[in-house]
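Please open the model in your viewer and keep the sequence panel beside it. The tour below moves from one selection to the next and says what is to be found at each stop.

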Amino acid sequence: MTSKTAATLLALGLLQGCVTSTVDEVLYQGPEAEDLVGDASIVIMGRRHASDYETEPDFIQCVGKHIQRRDETITVMSELEFMNQLYPWFEPRTAPLRPADIKRMMDVPPVRDKLAELNTEYMVWIDGETVRTGGAGSMTCGIGPGGAGCFGFGTWGNDSNYEATIWDFTDQEEVGRMSTQASGQSYMPAVVVPIPIIAPVQGTACDGLGDQLLEFFSAEY
Amino acid sequence: MSGSTTSVSAFCAVTPIGRALLLLAAALLTACANQVEVKGQFPTPVLDRLPLKIGVYYDPEFRAHEFFDEADSREETDWIVRTGQAQVEMYNTLLPGMFDQVVLLNELPRDDRVDTVIDEDLDAVLVPHVQELQYSIPNHTKINVFEIWMRYRYELYAPDGELLAEWSMTSYGKTPTAFLQTAEAAVNMAAVVALRDAGANFAMNFARVPEVRTWMDELRQARSGTTIPDLGAASPEEDTL
């Protein structure tokens with residue numbers, strides 16, 4: 001009985017890891033190591049100009065934390081703080097879509113001064129989303145004098161697809177591009193108690209993209 | 001009209017205890033509605049200020065703007081979302097970042113009353129209105145997506161009350177996730193995003209409104225020598241004026 005339980009738990013643990021991830025990278029010009037180990041900062045922003053989806057703020061925070069956790073010398077400015085400091089230039093409707101747009105922005109003295117004050121060297125635009133790809137199964141829950149419980153099985157999939165574009169503020173050009181795709185299947189068996197076995201699809205995409213950005217920005221990777 | 005008269009008569013006819021019970025029931029019904037007083041921090045814009053002295057008038061309807069969504073069934077609840085105070089705060093933060101001087105006015109200039117010239121030093125008076133508002137709240141969507149779409153109508157008057165320009169602009173706000181927050185907080189966030197968007201749209205496109213552009217050209221010529229820069233000069237879509 002004990003070994004069966006252990007085997008079941010092991011199987012459940014293995015199911016939790018069932019996420020496939022792919023990362024592609026196109027690098028035009030990587031920074032010199034000393035470029036970012038100084039006082040300069042980077043900012044990671046989500047694209048939100050499309051009408052049918054928005055890059056999740058949670059994902060942007062996740063990538064930023066991933067980078068800072070792995071290399072404390074890199075200063076990652078919060079997305080909201082950056083947007084507030086440069087309001088209204090980076091709102092969804094006004095954000096620059098091409099590196100060339102930065103030059104026009106720099107023509108406005110207060111914007112130029114603010115960017116210099118923030119000392120932002122690189123900007124990373126992340127575009128994409130995590131979607132649910134479908135589900136199957138059913139579950140019934142009930143409650144009675146003897147207690148409550150559920151019985152059934154449910155499953156659903158998630159797909160993450162993100163692309164990161166790196167802009168150099170100084171040279172006002174795109175210097176790198178990378179993308180990550182991850183997909184996974186989550187399960188929810190229920191025999192009295194529902195046991196969620198969640199595939200960390202978005203987390204895997206976050207780690208994949210974060211690692212690639214670290215290779216770009218960090219001297220340690 | 002007759003319906004309202006009937007209800008007043010019926011209300012007066014009930015006993016004091018019955019009236020108290022009716023008032024209590026009304027109060028309880030109001031308490032059941034989800035109420036959101038929109039609150040948010042609005043950043044000061046980073047712009048080249050236009051060398052203009054602008055008066056701004058918020059009419060009472062604008063200051064107290066709210067929208068009410070009545071529940072369609074017993075499972076749903078009413079929603080009251082008050083946006084008036086927040087949008088006044090947003091414009092009070094935005095406009096001083098756009099213009100050299102901003103003066104809050106208590107009355108609107110009228111061109112049919114000569115004695116209502118507000119301030120001869122003013123270049124113009126701006127009057128914003130909420131023209132239209134659409135929203136989706138959980139009652140409608142059944143999912144944790146909260147969206148607010150607004151259309152503002154702006155009027156720009158000369159200090160003597162002559163209408164110089166009138167135009168509309170839209171704004172949109174959405175909370176992408178409602179994790180770890182109440183529905184009220186998520187609606188508040190959607191409204192704040194919509195107000196930020198309204199400010200961004202206004203700031204970037206004010207000088208591009210054809211009538212405003214014409215007025216600014218005339219003002220520039222009248223001042224002959226004073227340069228009035230274009231607020232949207234460095235925006236991605238267009239070149240300088």
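Begin by selecting B:Pro128, whose bridge partner in S7(B) is B:Tyr154. The model is a predicted one, in which local features need pLDDT of at least 70 and side-chain atom pairs count only at pLDDT 80 or more, while totals for chains, interfaces and linings use all residues. Residues are numbered from 1 along each chain as its sequence is written, and chains are lettered from A and ligands numbered from 1 in the order in which they are written.

Now widen the selection to strand S6 (residues 124-136) and strand S7 (residues 146-157) of chain B, which run antiparallel and are joined by 11 bridges; helices (H or I, at least four residues) and strands (E, at least two) are DSSP runs, numbered from the N terminus. Strands count as paired if DSSP finds at least two bridges between them. Colour next the open sheet of 5 strands with mixed pairing, whose order in chain B is S5-S2-S6-S7-S8. Strand S5 (99-104) and strand S8 (163-175) of chain B stand at the edges, and because each has a single partner strand, one side of each is left without a neighbour in the sheet. Neighbouring strands of this sheet are turned by 30° against each other on average, direction ignored.

Helix H4 (residues 84-98) of chain B is the next selection: its axis and that of H6(B) come within 10 Å and cross at roughly 30°. That angle makes H4(B) roughly parallel to H6(B), a term used for angles under 35 degrees. To see the contact (C-beta atoms, placed from the backbone, within 7 Å), show B:Ala86, B:Gln87, B:Met90, B:Leu94 and B:Met98 of H4(B) together with B:Ala191, B:Leu195, B:Gly199, B:Phe202 and B:Ala203 of H6(B).

Turn to chain A and select strand S4 (residues 120-144) and strand S5 (residues 147-168), which run antiparallel and are joined by 22 bridges. A hairpin through 2 residues connects S4(A) to S5(A), and within this pair A:Trp125 stands opposite A:Thr165 in S5(A). A:Trp167 stands opposite A:Glu174 in S6(A). S5(A) and S6(A) form a hairpin with 4 residues between them, and A:Gln172 in the turn has a positive phi of about 55°.

Next, find A:His49 in the loop between strand S2 (41-46) and helix H3 (57-70) of chain A. Leaving aside neighbours within four places in sequence, A:His49 is in contact with A:Pro92 and A:Ala95. The C-alpha atoms of A:His49 and A:Leu97, 48 residues apart along the chain, are separated by 9.3 Å.

Finally, show both chains: 23 residues of chain A are in contact with 18 residues of chain B. On the side of chain A that touches chain B, the elements giving two or more residues are H3, helix H5 (100-106) and helix H6 (109-118) of chain A, and H6(A) gives the most, with 4 residues.

Note on methods: Contact = placed C-beta atoms within 7 Å. Axes fitted to C-alpha atoms, helices over the stretch in contact; angles between N-to-C directions. Parallel < 35°, antiparallel > 145°, perpendicular 65-115°, else oblique.
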